[in-house]
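The report below goes through one protein model, from its overall fold to a few individual residues. Please keep the sequence and the structure in view while reading.

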Amino acid sequence: MQASHSARAVSVRFDDPNLVSCAGLVPVMRLAEQAGLPDLAQQTVKLSPGVGSAGANAGAKVSSIVAGMACGADSIEDLGVIRHGGMPRLFDGLRAPSTLGTFLRGFTYGHVAQLEKLGTEVLTRLAARCPLLPGAGDLVFVDIDSKIKEVYGLAKQGAAYGYTKVRGLNYLAATISTPQAAPVIAATRIRGGNANSPRGAASLITSAIATARACGATGMIVARGDSAFFAGPVIAAIRTAGACFSVTAKHTAKVQAAIAGISDHAWQPIQLSRPVFDETIKEWIHEAEIAETTLTAFTNVTQNPGRAVTARLIVRRTRITTRDATGELFPVWCYHSVFTDSPHDMLTAEAEHRGRAGTIEQVFADLNDSAAAHLPSGQLAANGAWLSLAALTHNLIRAAGCLASLFHAKARTATLRRHLITIPARIAHSARKTMLHLPTGWTWAEAFTSLFTKTHSPPAAA
């Protein structure tokens with residue numbers, strides 16, 4: 001490929017008020033309106049009178065931030081993308097980045113909770129409007145994990161060094177998914193960089209399970225987590241919420257004793273359909289052995305009063321072979337344990353836990369590719385509000401993908417943005433109608449047309 005004209009024969013000029021770079025924002029924001037985003041934000045988000053006019057018109061400001069994030073904005077300044085070219089001819093109530101930054105800095109932790117409530121209601125309405133969670137009547141997974149986000153500003157409130165030895169902020173997230181559906185974000189919570197992973201996890205997982213039920217999860221709910229969430233308060237919260245748990249067990253002395261008590265005849269060989277990378281031996285594992293026993297955990301009445309739990313301990317072991325000339329005197333095994341009360345058989349329960357590994361990490365990767373690439377404010381509460389709106393935007397884009405095609409229902413949000421949102425268009429008017437002229441030969445024209453049609457079709461007859 002090469003330029004078809006000489007350098008002297010080409011020039012540029014920014015002078016066309018009828019061009020837009022993100023035409024796909026039209027159906028996406030129409031979907032947000034159908035989910036009630038502007039009105040719900042106006043009713044739910046009430047900033048303190050002390051911030052003055054910064055808290056006014058919350059519906060327009062929240063919608064403007066979500067629209068900018070949907071276009072790929074990852075900083076407050078980038079939110080200005082919604083005011084470029086002909087965008088003001090397509091949307092009303094667009095706010096400037098400076099106005100939106102002032103709005104975010106007026107948030108306290110209580111106001112962030114209002115945004116979380118808003119995000120829950122919007123997600124519930126999107127789930128009713130779109131096939132976001134197919135199969136929710138049978139089985140739903142709620143995954144929880146923490147993420148360290150590196151920050152660089154010296155005045156960044158809450159920034160500290162955590163377990164990754166990186167100076168940053170720490171946030172919790174919980175996702176909802178099914179075996180047939182890509183994950184959506186149920187809840188988020190911003191924390192200081194040195195927060196330990198399970199802090200606040202019990203209340204977050206309780207909220208996420210309630211959100212899953214509001215989104216149509218009438219079947220079994222399995223809450224998953226890694227070893228950081230092998231904690232009494234977290235397991236107790238899951239059981240109180242009426243869900244099953246499946247958590248990687250820490251290899252404490254009690255767990256090791258339970259593993260040692262497994263008979264040699266109890267181990268069953270298995271072939272892994274998807275190889276697992278073992279961090280201990282730094283190898284991909286294709287085959288292993290599996291067995292099951294019972295464990296009573298959290299019996300320390302001082303640390304976990306009334307939280308003792310007896311459940312299944314499913315153990316997978318991998319043999320470590322000797323590589324030098326000394327040979328092998330006795331077999332050495334690497335163990336991975338899952339503490340669960342799943343009613344499924346041993347192989348299914350272990351495969352579900354292992355197979356869902358990385359689900360929430362994919363969501364973190366999506367957030368890193370979009371709005372949460374940076375936590376742009378110096379105030380921790382403002383960053384919490386930014387994170388909550390990033391989660392809401394993620395769910396909105398995911399819903400748009402479900403309306404576009406089966407492929408886009410599971411595609412990454414970066415792919416959805418590239419295929420369906422950041423499409424250049426020229427605005428024209430004819431017979432009192434607005435027409436968007438899109439590029440000829442757009443590969444994903446059929447998917448875009450499906451999204452546009454489903455968000456602009458007339459309402460069903462009463």
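## Burial, dimensions and local detail

Of the 462 residues of the protein, 52% count as buried, where buried means under 20% relative accessible area, exposed over 50% and partly exposed in between, with a 1.4 Å probe and protein chains only. This is a predicted model, in which local features need pLDDT of at least 70 and side-chain atom pairs count only at pLDDT 80 or more, whereas totals for chains, interfaces and linings use all residues. Residues are numbered from 1 along each chain as its sequence is written, and side-chain values use heavy atoms, with hydrogens and water left out.

The protein contains 15 helices and 13 strands, defined as DSSP runs numbered from the N terminus, with helices (H or I) of at least four residues and strands (E) of at least two. Along the principal axes, the C-alpha atoms fill a box of roughly 80 × 60 × 55 Å.

Contact here means heavy atoms within 4.5 Å; among contacts between residues at least 6 apart in sequence, 67% join residues at least 24 apart. The protein exposes about 22,000 Å², of which carbon and sulfur atoms supply 54%, the areas coming from the Shrake-Rupley method with a 1.4 Å probe.

One residue illustrates such contacts in sequence and space. P183 is found in strand 5, residues 181-191, and touches T175, I176, S177, T359, V363, H394 and R398, not counting residues up to four places away in sequence. P183 and R398 are 215 residues apart in sequence, yet their C-alpha atoms are 8.6 Å apart in space.

How many disulfides does the rule count? The count comes to zero, a disulfide being a pair of cysteine sulfur atoms within 2.5 Å. C22 is in no disulfide, and the nearest cysteine sulfur, that of C71, is 3.6 Å away; C71 is likewise in no disulfide, with the sulfur of C22 as its nearest cysteine sulfur at 3.6 Å.

| Residue | Relative accessible area | Class |
|---|---|---|
| C22 | 4% | buried |
| C71 | 10% | buried |
| P183 | 14% | buried |
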